[in-house]
Amino acid sequence: ALLPLPRHPVAGRTMAQTDILLTKEPAPQTYLVDEWFQNCYARYHQAFADLDQSEQQHHESQQLAAETEALAQRTQQDSTKKVRERLQDMHCWKSELQRQVEELVAETDLLLAQKQRLERTLDATAVPFSIATDNLQCRERRQHPDLVRDCVEMELLKEADLIRNIQELLKRTMMQAVNQIRMNHEHKETCEMDWSDKVEACNIDEACCRYHNQSTDLQFYPHSAKFEERASEQGRLLNVAQGLGCGGGDPQGLSCVQTLREIMDQEHNVAALKQAIRDKEAPLKVAQTRLYQRSHRPNVELCRDAVQFSLEKDIAVKTNSLFIDRQKCMAHRTRYPTVLQLAGYQ
């Protein structure tokens, strides 16, 4: 018969405590082999679905970039055309104002000559008027009974009154000539200021007309968008591809290679979208710079003409194009699965 082994009290307590600790730990969850294969195939097919979605997004983003580029070019050409039409109108008005100034100068010179003639005529009437009044005063010294108002005195009175009326008429005509000369000077000054404003506006519009996407003096002005660059991840993707050890004969290895290749294609697509956004920023700078320069037109030239409306429309179109490229195209990239998700590690 086997004798019972003696139980050591300390050892017994240690075993009991170990049993309690083991029962408190959760048992690890195990999967069947079929479940493991199902999980692998699910990730495998999800990778193909993500590839299809990536290709579709790539196509849509390229199409949107091409459409917005064409629209930006059309609107810029339209605004440039309107600026040139405005320039032609301004040149016509400049010529008309210059003609008006020349006519005012000629008319003022003529009025000045007539004013001098009137002054000489007025000076010439002083002698006859003095003679007539002197004769009347002399005849007043006649003695009685010859101190009578005879026909000679009547004629002298008529002569003096006629000369006085002529002098008043000459003075009124001279005042009218002086006022007209003053008005001509004021009109001439107004026309010259308007002509100067139009010259300045023409210089601004000519500068705006010369702006193009490759101009070096373009810049953003208030309320313009600023695009922030983001670093590429191609090097990290290549390192992950090498770490996964994708084989040529393994179907999942081939899928992994295709997935990573598509990810790198998406990186190229993102770079192309960034370039497309930068291409839209140049026309936007052109439009905003034109608007900013035209806001410095002087006085009445600062009007909301067809060019102004066209530029505002041009900015709205280009802002919409940038919104499409940034919010619509680039947003797809933020929702794209990560490398670890596509590789089946998450």
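Helices (H or I, at least four residues) and strands (E, at least two) are DSSP runs, numbered from the N terminus. In these terms the protein, a predicted model, has 7 helices and 0 strands, and read along the sequence it follows the pattern α-α-α-α-α-α-α.

Residues are numbered from 1 along each chain as its sequence is written, and side-chain values use heavy atoms, with hydrogens and water left out. Local features need pLDDT of at least 70 and side-chain atom pairs count only at pLDDT 80 or more, whereas totals for chains, interfaces and linings use all residues.

Buried residues (under 20% relative accessible area, with a 1.4 Å probe and protein chains only) make up 32% of the 346 residues in the protein. A nonpolar core is a set of buried Ala, Val, Leu, Ile, Met, Phe, Trp, Tyr and Cys residues joined through side-chain atoms within 4.5 Å; the largest one here has 12 residues in all, among them Val 83, Met 90, Ala 201 and Leu 311.

A second, separate core of 5 residues includes Ile 204, Cys 208, Leu 218 and Val 286.

Leu 136, which lies in helix 2, counts as buried because its relative accessibility is 12%. Leaving aside neighbours within four places in sequence, Leu 136 is in contact (heavy atoms within 4.5 Å) with Glu 153, Leu 156, Leu 157 and Ala 160.

Key. Buried < 20%, exposed > 50% of the residue type's maximum accessible area, 1.4 Å probe, protein only.
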